[in-house]
Amino acid sequence: MKLNRKLLESDFAFPTDVQVTRLPILPERIIQFGEGNFLRAFVDWMVHQANKQGLFNGRVVVVQPLPSGLVPQLNQQDGLYTLFLRGIQDGQVVEKKEVISSISRGINPYEDWESFLACAEKPEIRYVISNTTEAGIAYVPEEYREGVPLSSYPGKLTAYLYRRFRKFGPDPAMGMVVIPCELIDRNGDNLKSIVLQLAREWNLPAGFIEWVEKHNYFLNSLVDRIVTGYPRDQIDEITAYLGYEDALLDTGEIFHLWVIEGDVRFSEELPFHKVGLNVKWVPDMTPYRTRKVRVLNGAHTMTVPVAYLHGFDTVREAVEDELVGTYVRRGIFEEILPTLNMDAREINDFAQSVLERFQNPFIKHYWIDIALNSTSKFKTRVLPSIVEYTRIRGTAPPLLSFSLAALIAFYRGEKIEDGMLVGRRDKGIYRLRDDRESLLFFQEQWADFDGVTGSIDRLVRNVLANRSLWSMDLNEIPGLHERVARSLENIVEQGMAASVKQLLAK
């Protein structure tokens, strides 16, 4: 028995803890580029919540961005899927299960280009949502030919807007509200720039270009929810419990945040905040992006080498450890939060939610996966907090300085093999993925390390001076060199556990 509309409208007895809301067939009001796990557990879930309360009354038509994808399964299930949201909320383990019915259908534009473009002629479709991965919002030179599918997301969107312009002319009311969810900075601005570039290269009419510039709204947005997707290792057990098959079953965490930079009038058109969802319409999303990068991502990055060299493999087990957990909490509340110029209560609440997310028993986040490209991540996520803390306090922060020492120890590799640096901890060897130049640099620095007096000091001074890694000489930050050198010496001589214990005792 498969999940579809026939099953939904039958007298089938769904499990009592699976919420099922039988809504009428609603008009398509959103076109969405991307049919993957994230959008279905984020935006499409939000649309469903708004529909349940009669505040949006519209559905989503989904466009598959690549030649192969989930559209066949979506259409077989009439757009329906089951969503499990699981995690810790206010200190309590929470599980929410629901059948989501906000998707109307899916379109594969590579097989049915005309059906995709025909959506542009429906005046009620007003919004464009996308998540085509970070690589999706990129300029791809391609030729525009009538009736021929385009490969890139900006190309498809440009063709879609042009069809709408040809149908309705330069009518301001027919402009689209475009909200990309791709994880790149200023995603709306970047997408608009590429669309206009393609329109000019394709020699599309000046009136169309003016209409895109003036009457289509490309909004920058920031999304935050961990979506773990299809639970392959549990699906047999879940299917037996549900009593039906769901090829699109999706899982994610409880926490969610969508920050949209745009005119607040659009919040009345997309009234997600009115149904209790954590959606914020703001004139400038920069503080929220900074908060996420510094607190959530920064806490991950400052902890990766410490937890992994300590012997922990997953985020949860490290944060729940008394020693490493204290390191994480003190790092966030004593050294990261004081550098952020935001409402104290709001920033503290966010930090508490981050710690709850780290302890989610339903998510296994492996440190070695988070460790990918740790040097560039440290530069963008942790270094700004070090610089700002030092500016405020006059000396480098102890715990974040220790995290840099731990990073240097983490990159102590024996060799580079298959493009990865091979390191060793008490539990055995590990392999680090980063750009080759960074891996070679650390390998060379550790190769010169002989353990005699001054060797650590020289190694640290060389690492901190590498402008290609940090875009500045970190030796110029007051107190940083001394703290990092002393911490690295302790790590090398005593090991990570003893070094963290000594650090926290101060």
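1. Helix α13 (residues 322-336) and helix α14 (residues 344-358) pack at an angle of about 160 degrees, and their axes lie 11 Å apart. The two helices are therefore roughly antiparallel to each other, a term for angles over 145 degrees. Here axes are lines fitted to C-alpha atoms, for helices over the stretch in contact, and angles run from 0 to 180 degrees between N-to-C directions.

2. This is a predicted model, in which local features need pLDDT of at least 70 and side-chain atom pairs count only at pLDDT 80 or more, while totals for chains, interfaces and linings use all residues. Residues are numbered from 1 along each chain as its sequence is written, and side-chain values use heavy atoms, with hydrogens and water left out.

3. Where α13 and α14 meet, Val328, Arg329, Ile332 and Phe333 of α13 are in contact with Asn348, Ala351, Gln352 and Leu355 of α14, contact being heavy atoms within 4.5 Å.

4. In helix α16 (residues 374-381), the buried residues are Ser374, Thr375, Lys377, Phe378 and Arg381, where buried means under 20% relative accessible area with a 1.4 Å probe, counting protein chains only. Seen down the axis of α16, these buried residues fall within an arc of 165 degrees, so they line one face of the helix; the arc is that of the directions from the helix axis to the C-beta atoms.

5. In α17, Leu383, Ser385, Ile386, Tyr389 and Thr390 are buried. Their arc, seen down the axis of α17, is within 160 degrees, so they line one face of the helix. Just after α17, Gly394 takes a positive phi of about 85 degrees.

Notes: Buried < 20%, exposed > 50% of the residue type's maximum accessible area, 1.4 Å probe, protein only. Helix = DSSP H or I, 4+ residues; strand = E, 2+ residues; numbered from the N terminus. Parallel < 35°, antiparallel > 145°, perpendicular 65-115°, else oblique.
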